Amino acid sequence: MNVLADLETEIAGAPEGLHLGPRTVDDVSRILRVATDEEIAVRVWGGGTHQRYGVEPSPGIVMTMAHLNQVETWEPDDLTLVAGAGAGVVEIENLLSTRQQSALLPEMQGSGTLGGVLATGRSSLKRARMLGTRERVLEITAVTGDGRVVRSGGRVVKNVSGYDLHRAMVGAFGSLGVIVSVCLKLWPVPPDSATIRVDDAGSALSTERPLAVLETRAGLDLFVWGTSSEVEAAVARSGGTAARGLHWPSDPVGEFRWSLRIPPASVAGAIEMVQPWDYLAVHGAGEIRLASNSVEGATEIRDWAESLGGALVLVDHPDADPPLDPWGTPPMTLAIQRRLVAEFDPARIINPNRLPGGL
Amino acid sequence: MSARDDFRRLLGTDRVLDDPLERHIYAKDASLMRGDPDLIVFPASTGEVVAIVEIANRHSIPVVPRGAGTGLTAGASPVMGGVVVSLTAMNDIEFDIPNQAAWVGPGAINLDLSRQAKQFGLHFAPDPSSQSACTIGGNLANNSGGPHCLAEGSTTSHVLGMEFVSAAGEILHVGGLAPDATGLDLRALVVGSEGTLGIATRILVRLLPLPGDVRTLLLDFSSVEAAAHTVSDVIAAGMVPAALEMMDQRMTIAVENWLGAGLPIDAAAILLAEVVGSTASVESEAETISQIGLRNGCRNVVIASDEAERNLLWKGRKSAFGAVAQLAPDYYLHDTVVPRTRLVEAMTGVYEIADRYGLTMLNVFHAGDGNLHPLIAFDSSDAAVAAKVRQAGDDIVELCLGLGGALSGEHGVGVEKRDLMSHSFSELDLDAQARVKDVFDPDHRLNPAKILPAGSRCFDFGGIRRELPEGAWV
């Protein structure tokens, strides 16, 4: 590995292996080419917050994207931003908030990165109104397993030039290439907002396009934003107790963390089903974040979710090996997915095995 | 047995056409490029689509899926011959109201979907100008837009899942009502693939609630620049209206002559803006837009006073392309995108290009998205003029790409822009796209010779150049 000696670094919290810290896109390309030639697995490291998602890759190279963290351009008047994959989600949103804008990335604290959010496909709690992360991405530059630097999309808000590979890269765990740079579509943040404790999800959802309706053990909250008069009107209509600002609930806590994905209309039923697990349900979107201290009951919940066309995905677990298949039944298009990944990561070195079906 | 016999055995004689007139009608879409289909078939079920693909595979003939044929880039023109698969008979709509969604046949008409959804207080957001004719399958294939995609996004944001028939004749499902389907999001690739990766046979679309209240504003300006500045300023002010459309004077006159919608024909440019939401929000947003317009020299602001007035304004906007028929027998409609901060430069540039070639240009476009639609009215029987029109088109693309824009905003690439893809993407980028095509359709059975220029697939795994024969379609 002498050829990569100049890129060696130490990544706090990362498992053993060769820790590399590329500083440029060319460095990423060089690392991946060597890894492909030598058939060494590369674990891509963003903020280290979702490394147990799916099956963990075997020891090999751990490549941190930390140095590719620049905001390359921000065009507030065009509502677009281009940033490196290693840029922190919190840092990006803090920067944008200085001009009352947002990238509508997941509400998170700590070290999560733009590349990590995209690779795992995690979405904002505002998704029922503002749609998921996939809809925020205008352009991605990625490096394939064999070192090709590939760009898809463009730096404009509307674009149908060619296949939307950049959208397919969202949630692909690097299997179509390691994301190095991203152009995001921004959104203006209205001047006022409120978090309203309410009783009934149905009536909360029938509010004029609510920003979010979230349910946890603590209760049900309606989130609204807009001008002061709009927000005041929404508070009055809801009849609930309101707090100014958006007070997002934190993710459920437990040794095992899950993502339950079901049709939106099945969320209320799902909350019954997942007792006694801890939960955060996104009404109107069909996403429920779950936490438990054992896997007891998981198969039952998974079977139910899959019968509705959904999934129960294991996102985090305490030991190196997951106690059950993290994904459940593989998608019926697995053969196409396998062929596609072979074109973008021929030696299958980028986060191997992370995807469903052992891909 | 010939392919024709096989198709007739499958569908009967009524649903297999091959007389010269029918072949002429189905030889092109709404673009100017003509192909020549061997025959046209009309399946009524997914099973029949599978059988059609199997027959085509057996006889090694291209399969060209087709909706209403309103496409503008020859995406549905059978330029390599083969069988045109018209999906218009597969037009059923099945609502799933609790999930605010619908399963829709590819042949269902866009406007029919929204009209039928209205009884449930819902609508389908993408609304191309052709929405009274175009199909949901065509919208999916082209990732179509429309005025109201400014706030809500293009078709890809509203397709939750689909059943499609692959090039191998398998019935596959991707996406669904549950979010974040596990594995790769193939839906993202198939939407916008112009029928080159698969044939969508059932489409699960997201429906949005009808807005509580609406304000539609018409602002008129004495210069195109002032209107373009207003658009940039509205976006910069932190607003994303539901729609923000611009029409220049030539287009306004053409529309007014045709429709009598009461548009100000002495204005150099008009803006049509729409805001939706609660009454409180639409009133304050309408006021903000008016103020920004007035600051930029807007002469007059009209707010539609009722639904009839609003509909008339939109009819004016959406009929614009039809109105051009008064000026010349043909038109060539462009579709490029620029960053919204470059709109003024882009508009100045496209007028300069029209002047340079002495062509009649009209503009009506999705200004809020930076999505230009310069339209050149001309007579295609004059070969010299037709050549100038093509050249002007290429210049417009160069101009917009030079401003940091994109080749196509919502009309697709098809054949028309295929050979310009290399102006927008590197060899490696195009190679990556060509790999996608090869994975889904290794024999290039589905809508061949579209989107990607010949020679796109030029690298092999080891970075060794793999030359393709001259003129090969990939």
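The legends below describe close-up views of a predicted model.

**View 1. Helix α2 of chain A and its buried side.** Helix α2(A) spans residues 89-97, and within this stretch Val89(A), Ile92(A) and Leu96(A) are buried. Seen down the axis of α2(A), these buried residues fall within an arc of 65°, so they line one face of the helix. Asn94(A) and Ser97(A), which lie on the other side of α2(A), are exposed. Among the elements of chain A that cover the buried residues of α2(A) are the strands β4 (71-75), β5 (80-84) and β6 (101-102), together with helix α3 (114-120).

**View 2. Helix α9 of chain A and what packs against it.** In α9(A), which runs over residues 298-307, the buried residues are Ala298(A), Ile301(A), Arg302(A) and Ala305(A). Their directions, seen down the axis of α9(A), fall within an arc of 100°, so the buried residues line one face of this helix. The face turned away from that buried side carries Thr299(A), Glu300(A), Asp303(A) and Ser307(A), which are exposed. The buried residues of α9(A) pack against strand β15 (256-261), helix α8 (267-274) and strand β18 (311-316), which also belong to chain A. After α9(A) comes Gly309(A), a residue whose phi is positive, near 85°.

**View 3. The contact between chain A and chain B.** Chain B brings 71 residues to this contact, while chain A brings 69 residues. On the side of chain B that touches chain A, at least two residues each come from β9 (171-175), α7 (186-190), α8 (224-236), α10 (279-295), α15 (421-424) and α16 (427-440) of chain B. Helix α16(B) gives the most to this side, with eight residues. Sorted by class, the side of chain B that touches chain A holds 33 nonpolar, 31 polar and seven charged residues.

View 4. For Val165(B), the bridge partner in β10(B) is Ile199(B).

Definitions and conventions:
Residues numbered from 1 in each chain as written. Chains lettered and ligands numbered in written order. Predicted model: local features only at pLDDT ≥ 70, side-chain atom pairs only at ≥ 80, totals over all residues. Buried ≥ 20, exposed ≤ 12 C-beta atoms within 10 Å, placed from the backbone. Helix = DSSP H or I, 4+ residues; strand = E, 2+ residues; numbered from the N terminus. Arc of directions from axis to C-beta. Contact = placed C-beta atoms within 7 Å. Nonpolar A, V, L, I, M, F, W, Y, C, P; charged D, E, K, R; others polar. Pairing = 2+ DSSP bridges.
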